[in-house]
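Here are my notes on this model, point by point. Please keep the structure open while reading.

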Amino acid sequence: MASSASASPPELRQSDAPAWADGLDLPDVGLVARIMRLNLLVTRFLDAITAAEGIATADYLVLAVVRRSPRHRTSPSRICEVLGRSTGGMTLTLDRLESEGWISRSPDPGDRRRVVVGLTPAGLALSTRLNDALHAWERDLSLPPRRQGAMARGVDDLLELFETLA
């Protein structure tokens with residue numbers, strides 16, 4: 001019996017290959033290849049938007065998590081949990097953001113062994129400007145609301161699938 005491991009799913013045949021895959025020796029362009037390509041493109045756009053404000057995308061994401069937290073305050077461990085980062089790497093990131101004047105760290109009043117990360121006024125202004133720029137970029141995609149909703153639901157389904165595997 002022949003193995004079907006390398007066979008293309010009927011929904012994703014070579015004839016359906018996207019233009020970016022032209023000329024590549026790919027037996028098929030599967031879901032993961034498409035997700036990786038999308039990640040590369042979105043990362044390129046995000047990096048351009050954040051670089052214009054003098055901050056790396058990875059650092060902006062930390063500010064964004066804090067901004068979306070109650071009272072613009074959260075713990076380093078919560079930031080790590082949301083972004084999937086290590087605590088050691090997060091300490092270095094927080095050091096950098098604090099030296100830029102975008103965050104402050106203070107003892108947790110409920111447990112002085114813990115630290116609370118908060119946005120400074122400058123950090124709140126920066127993260128708000130970047131959030132606004134990202135939403136403007138998203139609006140510029142000119143997706144009809146119905147299509148945008150369908151895409152968002154599809155991405156949510158993929159996130160749920162991959163998060164259960166992680």
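1. Which element gives the largest share of the nonpolar patch? Helix H1 does, with four residues. The patch covers about 650 Å² of surface and is made by Leu-31, Val-32, Ile-35, Met-36, Leu-161, Phe-162 and Leu-165. H1 (31-51) and H6 are the elements that give two or more residues to this patch. Leu-161 has its place in H6 and is partly exposed, at a relative accessible area of 44%. Patch residues have over 30% relative accessible area and no salt bridge; like charges are joined within 9 Å, nonpolar side chains (Val, Leu, Ile, Met, Phe, Trp, Tyr) within 5 Å. Areas come from the Shrake-Rupley method with a 1.4 Å probe, and for residues only the protein chains shown count as cover.

2. Ground rules. This is a predicted model, in which local features need pLDDT of at least 70, side-chain atom pairs count only at pLDDT 80 or more, and totals for chains, interfaces and linings use all residues. Residues are numbered from 1 along each chain as its sequence is written, and side-chain values use heavy atoms, leaving out hydrogens and water. Helices (H or I, at least four residues) and strands (E, at least two) are DSSP runs, numbered from the N terminus.

3. Confidence. pLDDT is the predictor's confidence in each residue, from 0 to 100. Its mean over the protein is 86, and 83% of the residues reach 70 or more. Helix H2 (residues 57-67) has the highest confidence, at 97. The lowest is in helix H6 (residues 145-165), at a mean of 90. Over residues 1-8, pLDDT stays under 50. The model has five contacts (heavy atoms within 4.5 Å) beyond four places in sequence for that stretch.

4. The sheet. Three strands form an open sheet in the order S1-S3-S2, with antiparallel pairing. S1 (73-74) and S2 are the edge strands, each pairing on one side only. Two strands pair if DSSP finds at least two bridges between them. S1 and S3 have two bridges, and Thr-74 has Val-117 in S3 as its bridge partner. S2 (residues 103-108) is joined to S3 (residues 111-119) by six bridges. A hairpin links S2 to S3 through two residues, and Asp-108 stands opposite Asp-111.

5. Which residues does Asp-59 contact, leaving aside its neighbours within four places in sequence? They are Thr-93, Arg-96 and Leu-97. Asp-59 forms a salt bridge with Arg-96, with the closest N and O atoms 2.8 Å apart. Asp-59 lies in H2 and Arg-96 in helix H4 (residues 87-99), so the pair ties together parts that are 37 residues apart in sequence. Asp-59 is buried at 7% relative accessible area, while Arg-96 is partly exposed at 38%. Buried means under 20%, exposed over 50%, and partly exposed in between (1.4 Å probe, protein chains only).

6. Other salt bridges. The count comes to seven, where a side-chain nitrogen of Lys or Arg must be within 4 Å of a carboxyl oxygen of Asp or Glu. One of them joins Arg-78 to Glu-81, at 2.6 Å between the closest N and O atoms. These two are three residues apart in helix H3 (residues 76-83), so about one helical turn separates them. Arg-78 is partly exposed at 38%, whereas Glu-81 is exposed at 58%. Arg-105 and Glu-98 also meet in a salt bridge, at 2.8 Å from N to O. Asp-95, Glu-98 and Arg-105 are linked in a network of salt bridges.
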